[in-house]
Amino acid sequence: HNLRSSRAGKAAVQRFALSGLWWPLRELFEGRTPLSGWRLGDPLQIGRVVIVDLQFEDPLSQSWRIRTAVLEGIDLARFDARIEPGPSSAAILGARLLLATSLEHFKAMDVAYTRPGSADRIAVSDLATEGIARGKFGGFNISGIESAGAKAGEPAFRLDQVKVAGLDLGRVLGNLAQPGWRVGMPLGRIDLDRASATGFGGEAMSRYGISLASVTTETSREEGGIARMKSRIDGFVLSPPARGMVGVQMRVMMTAMGLKDLRLGLDCQATEDRGHGEVGVDRCTLVGTDLGDVEFSAKFTGADSPFWTAVDSGNVGELFRSSIAFASARLVMADKSLLERWFRAMAISSGQQATAVRQAMAQEV
């Protein structure tokens, strides 16, 4: 109770409890005991950790506050924590720590990060994860994400909920954990099964009259190195307010087109077939409600082994030493009312008849 420390910044915890502490038998066989002095990098197993009202402040870099946190099933394997001091030392140490950690469950409530000396603040109402194992996350759920805004009580950005399942950071953490890693070096590809974000809002979006319902993505994997990806953006609405230069200009243009708002949706499907060396955008459709649709598809074949290595490693430079062939592409634009609305707006802005604008456009084509 009332634990305080000033060893690395200022830390205070109202209540801190550990239970189910275990020392690996293998460590005893090798002559190492927990009583000899545990150091970061040594193995550790804990059944349950409870933290109540944690406050940490480093006056030069960051400030954290967590009302409640519960961790269950912690298994920390032995890892090399000896890192040369440098600008990337904290990132390298964090990557090695995550690669050595397994955690059954983690839940935190009322988490807030603040950068000292500024108004920058990010807060999370609830954060829960499960099935963390050596850089892989079975799933996590974050709700009530807010960043501080210019006006008191109104967040600059808000996100109601983020859900992620099957997140694999193994490649990224493996590269990041290397002693020679530096900022700007390739990190590698992140694998993900499912993810969704819903409830976008905040002053930054309302300022431009933007609202967004959800963003989702899903990847399914089959035998033979086949992966199928689906992504959707739903409920995008643009209704610019009649204030500010940009907002007024957009509002005038939309009014001339006879639009109260602009509603868009995006639905994309792609396939990656490593067995046959193919990559394709099966179908990507942009839908403008009552305006028109744009559909795109493309296929690439003959991808060699260096190409997949470059994709997995995130090394863009390696792509120039790989091989892949452009096979086909298809673009379809289906007009519902967009052209007529555009002709009408151009006629108003230029003082011409809509038929004259249409004829000029036809001649240009």
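Two strands are said to pair if DSSP finds at least two bridges between them, and that sense of pairing is used for the strands described below. The model is a predicted one, and this briefing covers its two largest pockets together with the pairing of strands E2, E3 and E4.

**Strand pairing**
- Strands E2 and E3 pair in the antiparallel sense over eleven bridges, and within this pairing Leu21 has Ile46 of E3 as its bridge partner.
- Strand E3 also pairs with E4, again in the antiparallel sense, over 13 bridges, and here Ile46 stands opposite Ile74 in E4.

**The largest pocket**
- The largest pocket holds about 1,200 Å³ of space, and its lining is made up of 30 residues, with Leu71, Leu97, Leu98, Thr101 and Leu103 lying nearest the centre.
- Among the elements that each supply at least two residues of this lining are strands E2 (10–22), E3 (44–58) and E4 (62–76), as well as helix H2 (89–99).
- By class, the lining of the largest pocket comprises 27 nonpolar and three polar residues, and no charged residues.

**The second largest pocket**
- The second largest pocket has a volume of about 370 Å³, and of the 20 residues that line it, Leu291, Gly292, Val294, Asp335 and Leu338 are the closest to its centre.
- Two or more residues of the lining of the second largest pocket come from each of several elements, including helix H5 (245–256), strand E15 (292–301), strand E16 (325–335) and helix H8 (338–350).
- The lining of the second largest pocket divides into 16 nonpolar, two polar and two charged residues.

Note on methods:
Residues numbered from 1 in each chain as written. Predicted model: local features only at pLDDT ≥ 70, side-chain atom pairs only at ≥ 80, totals over all residues. Heavy atoms only, no water. 1 Å grid on protein atoms, 1.4 Å probe; cavity = no way out; pocket = protein on both sides within 12 Å on 5 of 7 lines; lining within 4 Å. Points joined across faces, edges and corners; volume = space filled by probe spheres on them. Helix = DSSP H or I, 4+ residues; strand = E, 2+ residues; numbered from the N terminus. Nonpolar A, V, L, I, M, F, W, Y, C, P; charged D, E, K, R; others polar.
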